[in-house]
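Please keep the sequence and the structure in view while reading.

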Amino acid sequence: MTPRHLPSALAKPLVDKFNNPLADPNPQLKSDAPLQPDSPTSGVPAPVNFSVSLADLNARLVTYLSPEDVARVNEAYLFSQAAHSGQMRVSGDPYISHPLAVAAGLADWRLDAQALSAALLHDVMEDTDITKEQLTERFGKGVADLVDGVSKIDRIEHQSFEEAQADNFRKMLLAMARDVRVILIKLSDRRHNMQTLGSMRADKRRRIARETLDIYAPIANRLGLNALYRELQELAFCHGNPMRYRVLEKAVKKARGNRREVVSKILEAIRTTLPSAGLDAEVMGREKHLYGIYRKMREKHLSFSQVLDIYGFRIVVKDRPSCYLALGALHALYPPVPGKFKDYIAIPKANGYQSLHTTLIGPFGTPVEIQIRTTEMHNVAESGVASHWLYKDEHGISQVQQKTHQWLQSLIELQSDSGTASEFLEHVKIDLFPGEVYVFSPKGKIFALPRGATVVDFAYAVHTDIGDRCVACRINFETSPLRTELKNGDRVEVITAPHAAPNPAWLGYVKSARARFRIRHFLKTQQNEESVALGERLLAHALHEMGISSAKILPEAWDRFKKESGVRSKRAVLSDIGLGKRLPAIVARRLAEGLDVPSTSLTAKLPRARQAIMIRGTEGMAVQLGKCCRPIPGDPIVGLIRKEQGLVVHTHDCPVLAKLRSERGNWVDVVWDVTTDHLFDVTIRVIVKNARGLLARLAKEIAESNANIIDVSVEDDRDSTMLYFTVQVTDRVHLARILRALRRVPEVLRLARYINPKH
Ligand code: MN
């Protein structure tokens, strides 16, 4: 470009303005001159025809695909055309124009034949009757998987999401895609939809523009697709904010004309300096795109002219050392602004971007932003992931068809000398294969959970109360067990019950730290409260047996006891008793030491006033119900205190208990607390004649008696079958009702409550 000199009459006001950018926020702009020829076009070219013909596509394909691959892509075209025949776009174009344009976008990135075929077919599963099986049969699993991947994302897209959750939504899309080509197809799809957004209703345009800014532009940026990133932002700005867009567009056009002379002067200076340092460099002026200007004005609270008064240049050289040489030469030409130099060559950005950035103080004190990079870095900067396909020719195309992790592998090679390659890979991996799974609540809120997370994890992520009270769930409207592993995009609805409580078994499968912590916390707190309460009752009981009222035990006695046994608190002692770690009779005796109790009364009981201990069955760890006899409310019961076991409750007629007569001294009177609303497990043994479908009929009778079946086992004999149902009942009356109902079934020979002698 030939340098032009500023007419002296114009020079003066420009100098003033550059030295004092605040002085003139709305400069008089006189020239309407066109952009510099070598700067990338900014803004959205309004009246451009975005339609592509099959011939256009093929012209691009033959430059890098084998004739067989081109034929394969054409076959996909014909298939898609037939499937979409008769369908129109909102613009009035035949539908096939859309997949064709999407494929053309991918051809510019030189993607492989599978990706191109999938691009042509990307809407057939959603918009026509074609199934994945048909695609697999016709085009192979690779293509079918890609189309399926894009369709899955489309389905998610149609669900609403909260704006603040854009980040999770992006991750969800990336996690669902699995293959980076799915994302590339989706991005090309979005670009064409944005390009043809003009025919949509205004409100729909704004919504889609917003979504593009929140979701798709950042994904493009994450993948290093800078050109697409800018284009999507520009299109979204244009459609989402048409008024501002037009005002800014006009102002920039005017301002550029005015500033052209300064640009030429700096450009010329740089172009003379670099060769004299022995460098062969390509120098370009960089025009900021409108959205970038708009965002800078908003985020940095700058005026229009302040933003526009920063000039940008890009220098592309042949190799890495030249980058640093060019930097040195430029720092000698104009002084750098301290603190503005950034070395993204030594430390690349997470998306693979590499360049040297520096800001110089140019003529008239105007800031000049410089980017220095090699040709290869430039390609990566513009096309990111896709540059892998773009510049792989010499190694052959077959390699290109491999899956994402191989692509990642090649990125390592690409970055191997950067020193932070593994870190970079970590970033890409986290986004493409996150250790996380993303699911929806019924209201459309997205939750990120660790991979392998179950419904219980989800319930705790929603709220501790939901977690503590969850009993069942529906995943995608289907009833599922609580331990079901969640998949990306699942819609999860938790069903709670007011009296439900966390089950220690959940600890066996929850994945999130939060759920684990909450369940443990609940069990511990509950156990603690209950064991303290139980311990207190057991101790009072033991003291009573000695003829002492617990009120007689003074704080001094407790202090002495604590000191002697080295425990922290009275609570800890009571909890120990409740948990069976200490025997109440021993604690009682030591507490009573030195108390003015006639020695005779230690053996002579007080007049009959034995207090039974009330149990509810909800005491958790502190009270155990015998697994042998499975006592339920209404059963006469007895408690047995055994060290390390705590209080174990048996029925009076339990055969296991009968064997423990020698431990009679540790028996405690217990009674049911009638207010209990807990459900108790009890096993019923049913002996039936062999009969088909009987199990289902018996299960139905049980269910109709309002009881849950938690386990069924079957023992077959020669001519009869024994069925063991473990059911949950409220009490003996409930159990009797179930037994009556089962007895009515003709095939039932005998049935009874079952006591398992093995426990
Ligand atoms: Mn589409």
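What pLDDT does the protein chain average, and what share of the residues score at least 70? The average is 78, and 79% of the residues score at least 70, where pLDDT is the predictor's confidence in each residue, from 0 to 100. This is a predicted model, in which local features need pLDDT of at least 70 and side-chain atom pairs count only at pLDDT 80 or more, while totals for chains, interfaces and linings use all residues. Residues are numbered from 1 along each chain as its sequence is written, and side-chain values use heavy atoms, with hydrogens and water left out.

Two stretches call for caution. Over residues 599-609 the pLDDT stays under 50, and the model has eight contacts for them beyond four places in sequence; a contact means heavy atoms within 4.5 Å. Where pLDDT is low, the predicted coordinates should not be read in detail.

The manganese ion is coordinated by H98 (NE2), H122 (NE2), D123 (OD) and D189 (OD), at 2.1 to 2.5 Å. Donors are N, O and S atoms within 2.8 Å of the metal (3.2 Å for Na, K and Ca), and water is not among the atoms, so sites may look incomplete. Along the sequence the donor residues follow the spacing H-x23-H-D-x65-D.

Helices and strands are DSSP runs numbered from the N terminus (helices H or I, at least four residues; strands E, at least two). Helix α3 (residues 67-83) packs against helix α5 (residues 113-120) at an angle of about 10 degrees, their axes 8 Å apart. The two helices are therefore roughly parallel, a term for angles under 35 degrees. Axes are lines fitted to C-alpha atoms, for helices over the stretch in contact, and angles run from 0 to 180 degrees between N-to-C directions. From α3, D69, R72, V73, A76, Y77 and S80 meet A113, L116, S117 and L120 of α5.

Strands pair if DSSP finds at least two bridges between them. Strand β6 (residues 436-440) runs antiparallel to strand β7 (residues 446-450), joined by five bridges, and V437 has L449 as its bridge partner in β7. In this hairpin, with five residues between the strands, G444 takes a positive phi near 90 degrees.

An open sheet of three strands has the order β9-β8-β10, with antiparallel pairing. Because β9 (478-480) and β10 (492-496) each have a single partner strand, they stand at the edges, and one side of each is left without a neighbour in the sheet. The twist averages 35 degrees from one strand to the next. Helix α21 (residues 455-462) lies across β8 and β10, at about 80 degrees to β10.

Terms used. Angles under 35 degrees count as roughly parallel, over 145 as roughly antiparallel, 65 to 115 as roughly perpendicular and the rest as oblique.
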